[in-house]
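Have a look at the picture first, then read on.

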Amino acid sequence: MTILKSVFLFTLAAVAEIGGAWLIWQAVREDKAWWWAGLGIVALGLYGFVAAFQPDAHFGRVLAAYGGVFIVGSLAWGMLLDGFRPDRWDLIGATVCLVGVAVIMFAPRQG
């Protein structure tokens with residue numbers, strides 16, 4: 001159950017952070033309305049709260065592992081919303097990142 005909760009929270013955090021950054025990007029780089037950036041700021045703030053609900057109590061560990069989730073999520077977001085097509089090196093790198101996330105978050109530890 002803890003692993004499922006952690007995966008869910010990482011996914012929700014990625015949507016909030018990547019989505020927020022994407023909304024700001026759209027306002028600044030793609031000439032969307034200013035309120036897109038406002039929504040992006042709200043989403044980025046929500047990301048901070050979502051990350052705080054991870055079952056692990058160690059900020060550094062959670063944020064380090066989330067870095068791998070962010071990488072994979074960013075590639076997926078680009079594919080879904082911007083027509084980005086990752087090459088094999090992107091996919092290999094993303095796989096390495098997910099393995100790193102699993103090691104950091106779910107390795108058996110003492111106490």
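Six aromatic pairs turn up here, counting rings of Phe, Tyr and Trp (its six-membered ring) whose centres lie within 6.5 Å. The model is predicted: local features need pLDDT of at least 70, side-chain atom pairs count only at pLDDT 80 or more, and totals for chains, interfaces and linings use all residues. Residues are numbered from 1 along each chain as its sequence is written, and side-chain values use heavy atoms, leaving out hydrogens and water.

**Aromatic rings**
- W22 and W36 make a tilted pair, 6.1 Å centre to centre with 50° between the planes (under 30 degrees would be stacked, over 60 edge-to-face).
- This pair links distant parts of the chain, 14 residues apart: W22 sits in helix α1 (residues 2-29) and W36 in helix α2 (residues 34-52); helices are DSSP runs of H or I, at least four residues, numbered from the N terminus.
- F10, Y47, Y66 and F70 are linked into a cluster by ring pairs.

**Helix α4**
- Helix α4 (residues 88-106) has 19 residues and reaches 27 Å from its first C-alpha to its last, close to the 27 Å expected at 1.5 Å a residue (1.5 Å times one less than the number of residues).
- Its buried residues are A94, C97, V101 and M105 (buried means under 20% relative accessible area, exposed over 50%, partly exposed in between, with a 1.4 Å probe and protein chains only).
- These four lie on the same side of α4, because they cover an arc of only 60° around the axis, taken from the directions from the helix axis to the C-beta atoms.
- The face turned away from that buried side carries the exposed residues R88, W89, V96 and V103.

Terms used. Helix = DSSP H or I, 4+ residues; strand = E, 2+ residues; numbered from the N terminus.
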